[in-house]
Amino acid sequence: MSHHRTSRCVAAAATALAVAALAACSVPEPEAEAAAAPGVTDTTVTVGTHQPLTGPAAAGYSSISAATKAYFDYVNDKGGINGRTIEYVVKDDGYNPATTQTVVRELVQEDEVFAVLNGLGTPTHSSVLDFLHQNEVPDLFVASGSTGWNEPETYPNTFAFNADYVTEGAALGQYAADELTGKAACVLGQDDDFGTEFLEGVELALGADGLTDVQTYSVSNQDVTAQIGAMKAAGCEVVMLATVNGFTALAIGTAAQLGWFPRWLSSSSGGDYPTLVGFLGEENGPKLLQGFVSTNYLPMADDEWVELFRQINDDHNGGAPFDGNTIYGMSVGYLFAEALAMAGEDPTRESLVEAIESGKLVGNGVVPLAFGPDDHAAFRGVGITMVNEGVQDFVGTTYSVDAETVEAVEPQPVPLENEGVPAP
Amino acid sequence: MDRLVFLLATGVARGAVFALFALSLVIVWRAARVVNFAQGAMAVVAVFVAFGVTAATGSYWLGLGSALLTGAVLGVVVERGVMNHVPAGNPLPGMIVAIGLVMVLQSGLGMLFGPQHRPMAAPFDERPFQVGGVPVLSPYDVFVLVVAVVVMGVLALLFTRTSLGLQLRASAFAPEVSRLLGVRVPRMLTIGWVLSSAVAALAALLLVPTELGLNAHSADMLFVHAFTVAVVGGLDSPVGALLGGLVVGVLMTLVTGYLGATVAPVAVLVLLATVLLVRPAGIFAAIEARQA
């Protein structure tokens, strides 16, 4: 009996040793790491992203990565950055967090990307935040307005791109207080972080009791009649929307059917004029959207950047419909190219993160970038936009938001230089 | 009180579409003992055809006719081409094949028409009538309700008052005996699919103008809600589909209006769980002997 036990112990010990030996084998050699950063060769830099290219969310977002890729193609035609072309690996996650985990593992472990760029969506990207952190992959310019990307202590390699929802809510709330003084203000928000953080921002500007009514919607139900009816009955005159484009259109369309026409102030996530006209139809869209207020932090309308992006869209993106997503995608590409150029002749993951934290990136937004060692938010302010006779453009009012206050500032657009290719 | 009336009216309009789609699930279940998970995707294909026909001819009614026709043809194709080859006697293979069909149809539509939503105009005004200052049903809602009631009435007459209806019911409940008595059971099965698929196409066509617009996923949530309705009402029962649809539509709107949008899907699940616990076969299920 005891003999039997002893032999079993030996077997167990041998197994443990074997496992330890195997584990030791799988640890990479220190020399191998120093040679070159993952995803970087003498002629290419490979970055990856996860985007909803199929499924219900594709309608709103699938054009973004195509625009980013078109911008990279443009840069590559001009010789790339530091002699390297940028390869963009786009993986479809269908806006399903489980799929996001799979495709991001593929990007990191099989495609060995240098960095993950502009991963789209709060629920989707949240599911890979820890994985990217543990693998020390730079996680750049997340495509979502959640405040969760700005946690440099916990996630030192993660950086946001969108102005966060709190900032947008605060700016719109302040605009309502300044320009639509005394009117009953209400909020319609998505029933997740988007809605709650936006509401937090609005209350920062208007005070906790400054709102007449707050309604929420769920993306699984495309009938918002009950909520719109409630706001109409509550006497709302200004409605601030934390809605995606489709639900902005549903809210405005449903209200019009009920014969109700309040002032609409929408987050940039659901305030893209061409997209909204697509939902509401060419006939009614322009009428319903006259005077529609939204926020933006990227160039729009008659701007030299927009002109360049239109040209790139025609030359490298097959002349796809040009809208806010196109400008957004190309602006993300520009910011990455700028960071890459600043990361040095032989970029490493560390030098890339350092370049962004240096605070020297300029980007192409209308407010200065906020990046620094302690701040991983891109935009801490937004400009107010309005639709007038079918053209959506800045009205000149710009707000800067910090933890406690909202203040009006002057917009600081960045001039276009070197044909939109960042110089090293 | 105003608010309650408003919410009830909104819920009834919505419930009518749920009821109609649930009815299509009931028909195919009664005919073939299959829960057709591809019903939503098939219906959307028909709506795309209707959209094209309406755009080309300018007539909503030609579009509606083409949706019904496409639905019917799809019913034949899916039954004869796909479901007929699935082993009988076990419901699982049929369900899995149907789910596969959903993927094929939705991906195909996505490849052909892209992911964007196409706005569809309703044939009637969508601005609601005001009764005592309270907005209630719009002319389009009334149209949807009338269509739903008429379709259900016609189908009820067909099933209970005609020889074809008798043969359909007979071959569904006792295929062997029916065959011995001269009923062409395979043909009846196909007719069941045709009716079901055409009704589903009609329901989806009625729904799309009230939502975001047409894309490959337009009927996803409709299918989910209608499936709930069919289970609540009893998969065997057309009356259950009608009442279940109205109950679920009104419940969702009332809960959204009084408790918030987040709670609405929970309320529907609670209803579903309660019904399954208390009366597993559904509120209006037929007698046990018919279950086999």
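Helix H9 of chain A and helix H1 of chain B are roughly antiparallel to each other, a word used for angles over 145 degrees, while under 35 is roughly parallel, 65 to 115 roughly perpendicular and the rest oblique. The model is predicted, so local features need pLDDT of at least 70 and side-chain atom pairs pLDDT 80 or more, whereas totals for chains, interfaces and linings use all residues. Residues are numbered from 1 along each chain as its sequence is written, and chains are lettered from A and ligands numbered from 1 in the order of writing.

The axes of H9(A), residues 225–233, and H1(B), residues 2–32, come within 10 Å and cross at roughly 155 degrees. Such axes are lines fitted to C-alpha atoms, for helices over the stretch in contact, with angles from 0 to 180 degrees between N-to-C directions; the helices (H or I, at least four residues) and strands (E, at least two) are DSSP runs numbered from the N terminus. On the side of H9(A), the contact is made by Thr225(A), Ala226(A), Gly229(A) and Ala233(A), and on the side of H1(B) by Arg3(B), Phe6(B), Leu7(B) and Thr10(B), where contact means C-beta atoms, placed from the backbone, within 7 Å. Sorted by class, these residues are 4 nonpolar, 3 polar and 1 charged, with Ala, Val, Leu, Ile, Met, Phe, Trp, Tyr, Cys and Pro counted as nonpolar, Asp, Glu, Lys and Arg as charged, and the others, Gly among them, as polar.

Seen over the whole interface, 28 residues of chain A are in contact with 31 residues of chain B. On the side of chain A, the elements that give two or more residues are helix H3 (58–77), strand S7 (213–217), H9, helix H10 (245–257) and helix H11 (273–280), and H9(A) supplies the largest share, 6 residues. By class, this side of chain A has 11 nonpolar, 15 polar and 2 charged residues.

Two of those elements, H10(A) and H11(A), also pack on each other, for their axes come within 9 Å and cross at roughly 55 degrees; the two helices are therefore oblique to each other. Asn245(A), Gly246(A), Thr248(A), Ala249(A), Ile252(A) and Gly253(A) of H10(A) meet Thr275(A), Leu276(A), Phe279(A) and Leu280(A) of H11(A), which gives 5 nonpolar and 5 polar residues and no charged residue.

Behind these helices the reader can turn to the sheets of chain A. H9(A) lies across S6, S7 and strand S8 (238–242) of chain A, and runs at about 175 degrees to S7(A). These strands belong to an open sheet of 8 strands in the order S7-S6-S8-S9-S10-S11-S12-S13, with mixed pairing, where two strands pair if DSSP finds at least two bridges between them. S7 and strand S13 (406–409) of chain A stand at the edges with a single partner strand each, so one side of each is left without a neighbour in the sheet, and the twist averages 30 degrees from one strand to the next. Strand S6 (residues 185–190) of chain A runs parallel to S7(A) and is joined to S7(A) by 5 bridges, and Val187(A) stands opposite Val214(A) in S7(A).

A separate description belongs to an open sheet of 5 strands in chain A, ordered S2-S1-S3-S4-S5, whose pairing is parallel. Its edge strands are S2 (85–92) and S5 (158–160) of chain A, each pairing on one side only, and the twist averages 25 degrees from one strand to the next. Strand S4 of chain A (residues 139–142) is joined to S5(A) by 2 bridges, the two running parallel, and Asp139(A) stands opposite Thr158(A) in S5(A). Helix H14 of chain A (residues 324–342) packs on this sheet, touching S1 (44–51), S2, S3 (115–117) and S4 of chain A, and its direction makes about 150 degrees with that of S4(A).

Finally, chain A is divided into domain 1 (44–162 + 300–379) and domain 2 (165–296), with bounds from an automatic or database domain assignment. The centres of these two domains of chain A, taken over C-alpha atoms, are separated by 28 Å, and their contact takes 9 residues from domain 1 and 13 residues from domain 2. The side of domain 1 of chain A that touches domain 2 of chain A has 1 nonpolar, 7 polar and 1 charged residues.

Conventions: Two residues are in contact if their C-beta atoms, placed from the backbone, lie within 7 Å.
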